[in-house]
Amino acid sequence: MTAGLQTIIYPVKDLARAKALFSALLGTEPYADAAYYVGFKDAGQDVGLDPNGHAKGMTGPVPYWHVDDIRATLAGLLEAGAEPLQDVQDVGGGRLIASVKDADGNLVGLLQDTSGE
């Protein structure tokens, strides 16, 4: 079961420039601002900037489906023919992420908040 698409993460090469652009676009400062990730919240949506995204195989923005059981969902996608891109990883604060590629090369992200948020 999913709670829908609530997060999109952009791979960026110049974090400072991307942060300035998204601050201007969204009219707000980031809620998370670190060398490895910058995150914004806008209209119920999380928008993230990942300066390591290209190195992790991100070819463009990745939509993240919020799911109740990330491991079961990931297993189901792999059984359905998805190609693994990133196994389940704890990114802090009770948040788990993973990603796959579908048969057409589209990236599909999964996100589970285990902290109850």
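How many bridges join S2 to strand S3, and how do the two run? I looked this up at the start. Three bridges join S2 to S3 (residues 37–42), and the two strands run antiparallel. Within this pairing I noted Ala34, which stands opposite Tyr37 in S3. I am working from a predicted model.

**Sheet**

I then traced the sheet that holds this pair. It is an open sheet of eight strands with mixed pairing, and I read the order as S2-S3-S4-S1-S5-S8-S7-S6. Strand S2 (32–34) and strand S6 (83–92) are the edge strands, each of them pairing on one side only.

I looked up where helix H1 (residues 15–26) lies. H1 lies across strand S1 (2–11), S2, S3 and strand S4 (45–50), and runs at about 5° to S3. For helix H2 (residues 70–79) I found packing on the sheet, with S6, strand S5 (62–67), strand S7 (95–101) and strand S8 (107–113) touched by the helix. The direction of H2 makes about 5° with that of S7.

**H1 in detail**

I checked the length of H1. The helix has twelve residues, and from its first C-alpha to its last it reaches 16 Å, close to the 16 Å expected at 1.5 Å a residue.

Which residues of H1 are buried? I listed Leu15, Ala18, Phe22, Ser23 and Leu26. They sit on the same side of H1 because they cover an arc of only 135° around the axis. I kept the general rule beside this entry: an α-helix has 3.6 residues a turn, so residues three or four places apart point the same way. The buried residues of H1 pack against S1, S2, S3 and S4. On the other side of H1 I found Ala16, Arg17, Leu21 and Ala24 exposed.

I looked at both ends of H1. At the N-terminal end, Asp14 is the cap, with a side-chain oxygen 3.3 Å from the backbone nitrogen of Ala16. After H1 comes Gly27, and I noted that its phi is positive, near 70°.

**Ser23**

I took Ser23, found in helix H1, as a separate entry. Why does Ser23 count as buried? Its relative accessibility is 13%, and the cut-off for buried is under 20%. I then listed its contacts, leaving aside neighbours within four places in sequence: Ser23 is in contact with Thr28, Glu29, Pro30 and Phe40.

Technical notes. Residues numbered from 1 in each chain as written. Predicted model: local features only at pLDDT ≥ 70, side-chain atom pairs only at ≥ 80, totals over all residues. Heavy atoms only, no water. Pairing = 2+ DSSP bridges. Helix = DSSP H or I, 4+ residues; strand = E, 2+ residues; numbered from the N terminus. Contact = heavy atoms within 4.5 Å. Axes fitted to C-alpha atoms, helices over the stretch in contact; angles between N-to-C directions. Expected span 1.5 Å × (residues − 1). Buried < 20%, exposed > 50% of the residue type's maximum accessible area, 1.4 Å probe, protein only. Arc of directions from axis to C-beta. Polar contact = N/O pair within 3.5 Å; in protein donor to acceptor, adjacent residues only side chain to side chain.
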